[in-house]
Amino acid sequence: MVDQLLDKGWIKFPAEPAVRDWAAAAYQVARDRVQDPALQARWLTCEDTWFVGVDALPNDTSGDTGAGPLAGEAYAAAKALYGILPLHPAQVSVVYPGYPRPREGETDANFRYRLNRDAAHVDGFHATGPERRRMLKERHAYILGLPLTECSAGAAPLTVWEGSHHLMRTAFAEALKDIPEANWAETDLTETYKVTRREVFETCRRITLPARPGEAYIVHRLALHGVAPSQEGAIAPPDGRMIAYFRPDLPEGNRDWLELP
């Protein structure tokens, strides 16, 4: 199954009891965090249709939220490929009916991109400075998604442009080939990012990844991905479409972000 991740840039794993148990325990903790007024003030956006929830889940480095560490085939596959990396507090991404609405400070063009292109992006690139130039500030090993609530397929699933990681790797390898690894975080990659993203839209198939608690998916760190609009009539609980995401960082001082599988 790992071959699919390396070929297509994503892989979805069937439900397992261990993952279902982890998701049930994480949900109990995440639900309280999402209702925290301080976290809502920081993360509830898009006219109250998206709780961004970066680092909102108070798990330890094994993924434990109080009922045991993270387990299952998906996490085992990620560790087999990229080693045992400490897990950060997971993002708790919650989408509610009506998403997307404009985000605070978002231009009309940016909102259209969110609406029509799922706000597609490669993780780790930050819009930096007044001109919002794209720079590689975080080097993740992989993206591991673990659904926490039961929803229908149209409830704002993750989207991935299949095979986009190959195009991104080629483009960034060329752009960074003569730049010391220590300087990557200060290198303006805006044009490479934009041009390659346009090529991805023209040549790669967009797929959706709805999933249920107990299932899990891995997305390649270089894959272009986003969140689909919530479809009219989509079914989700009052707590919304809630997914925990782990993106453990790779160690610095090497070119692993470009060169690992």
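The model is predicted, so local features need pLDDT of at least 70, side-chain atom pairs count only at pLDDT 80 or more, and totals for chains, interfaces and linings use all residues. Residues are numbered from 1 along each chain as its sequence is written, and side-chain values use heavy atoms, without hydrogens and water.

**Strand β12**

Strand β12 covers residues 241–246. Helices (H or I, at least four residues) and strands (E, at least two) are DSSP runs, numbered from the N terminus. Six of the six residues in β12 are buried. Buried means under 20% relative accessible area, exposed over 50%, and partly exposed in between (1.4 Å probe, protein chains only). Arg241, Ile243 and Tyr245 point one way from β12. Met242, Ala244 and Phe246 point the other way.

Two strands pair if DSSP finds at least two bridges between them. Strand β4 (residues 91–95) pairs with β12 in the antiparallel sense, over five bridges. Here valine 95 has arginine 241 as its bridge partner. Strand β7 (residues 142–147) is also antiparallel to β12, over four bridges. Proline 147 stands opposite isoleucine 243.

Most residues other than glycine have a negative phi, and most peptide bonds are trans. Two residues here have a positive phi without being glycine.

A cis peptide bond joins tyrosine 99 and proline 100, with omega about 5°. Proline 100 is in the loop between β4 and α5.
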